[in-house]
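Biologist: I would like to learn how to read the side-chain features of a model. Could you take me through them one by one?

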Amino acid sequence: MPIAVVGMACRFPGAESVVALGNLLRAGGCGVGPVPDDRLALWGADGPGPAAAGLLDGIDRFDRHAFRISASEAPLIDPQQRLVLEMAWQALEDAG
């Protein structure tokens, strides 16, 4: 007998969850905003850089312990891969 596990999770600029995304869209909001100086420095922009961008907050916060990842390995993981791990975890929690 097939089993389906249904859960949702997302993270968008200006919306840290599915509920927050719904609220942002209903309010007609926008996740695009000014680029902080520390982000411009990370990009190595020589000129003025972009005036605005859709950026995720807290991208540097990653609970490596939850995924049993060593302290030496965690900084080497691509931020997109960390997001996939976190969103998969949250989707499973949402599914119950």
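This is a predicted model: local features need pLDDT of at least 70, side-chain atom pairs count only at pLDDT 80 or more; totals for chains, interfaces and linings use all residues.

Biologist: How many salt bridges does a search of the whole structure find?

Modeller: A salt bridge is a side-chain nitrogen of Lys or Arg within 4 Å of a carboxyl oxygen of Asp or Glu. The search of the whole structure finds two. In one, the side chains of Glu16 and Arg11 meet at 3.0 Å, N to O. In the other, Glu86 meets Arg11 at 3.6 Å, N to O. This second pair links distant parts of the chain, with Glu86 in helix 3 and Arg11 in the segment before helix 1, 75 residues apart. Through shared partners, the salt bridges join Arg11, Glu16 and Glu86 into one network.

Biologist: Where are the helix limits taken from?

Modeller: Helices (H or I, at least four residues) and strands (E, at least two) are DSSP runs, numbered from the N terminus. Helix 3, which holds Glu86, covers residues 79-95.

Biologist: Are Glu86 and Arg11 buried or exposed?

Modeller: Buried means under 20% relative accessible area, exposed over 50%, and partly exposed in between, with a 1.4 Å probe and protein chains only. Both Glu86 and Arg11 are buried. Glu86 has a relative accessible area of 15%, and Arg11 is at 15% relative accessibility. Glu16 is partly exposed, at 38%.

Biologist: Which residues is Glu86 in contact with, leaving aside its neighbours within four places in sequence?

Modeller: Contact means heavy atoms within 4.5 Å. With those neighbours left aside, Glu86 is in contact with Arg11, Arg61, Phe62, Asp63 and Phe67.

Biologist: That list includes Phe62 and Phe67. What describes a pair of aromatic rings?

Modeller: A ring pair is described by the distance of the centres and the angle of the planes. Rings of Phe, Tyr and Trp (its six-membered ring) pair if their centres lie within 6.5 Å; planes under 30 degrees apart count as stacked, over 60 as edge-to-face and the rest as tilted. A search of the whole structure finds two aromatic pairs. Phe62 and Phe67 are stacked, 5.6 Å centre to centre with 0 degrees between the planes. Phe67 and Trp89 are edge-to-face, 5.4 Å centre to centre with 75 degrees between the planes. Phe67 lies in the loop between strand 2 (52-54) and helix 3, and Trp89 in helix 3, so this pair ties together parts that are 22 residues apart in sequence. The ring pairs link Phe62, Phe67 and Trp89 into a cluster.

Biologist: How many disulfides are found in the whole structure?

Modeller: A disulfide is a pair of cysteine sulfur atoms within 2.5 Å. The search finds zero. For Cys10, the nearest cysteine sulfur is that of Cys30, 15 Å away. Cys10 is buried, with a relative accessible area of 11%, whereas Cys30 is exposed, at 57%.

Biologist: Which residues make the nonpolar surface patch?

Modeller: Patches are made of residues with over 30% relative accessible area and no salt bridge; like charges are joined within 9 Å, and nonpolar side chains (Val, Leu, Ile, Met, Phe, Trp, Tyr) within 5 Å. Accessible areas come from the Shrake-Rupley method with a 1.4 Å probe, and for residues only the protein chains shown count as cover. Ile3, Val5 and Leu92 make a nonpolar patch of about 380 Å². Val5 is found in the segment before helix 1 (18-26) and is exposed, at 61% relative accessibility.

Technical notes: Residues are numbered from 1 along each chain as its sequence is written. Side-chain values use heavy atoms; hydrogens and water are left out.
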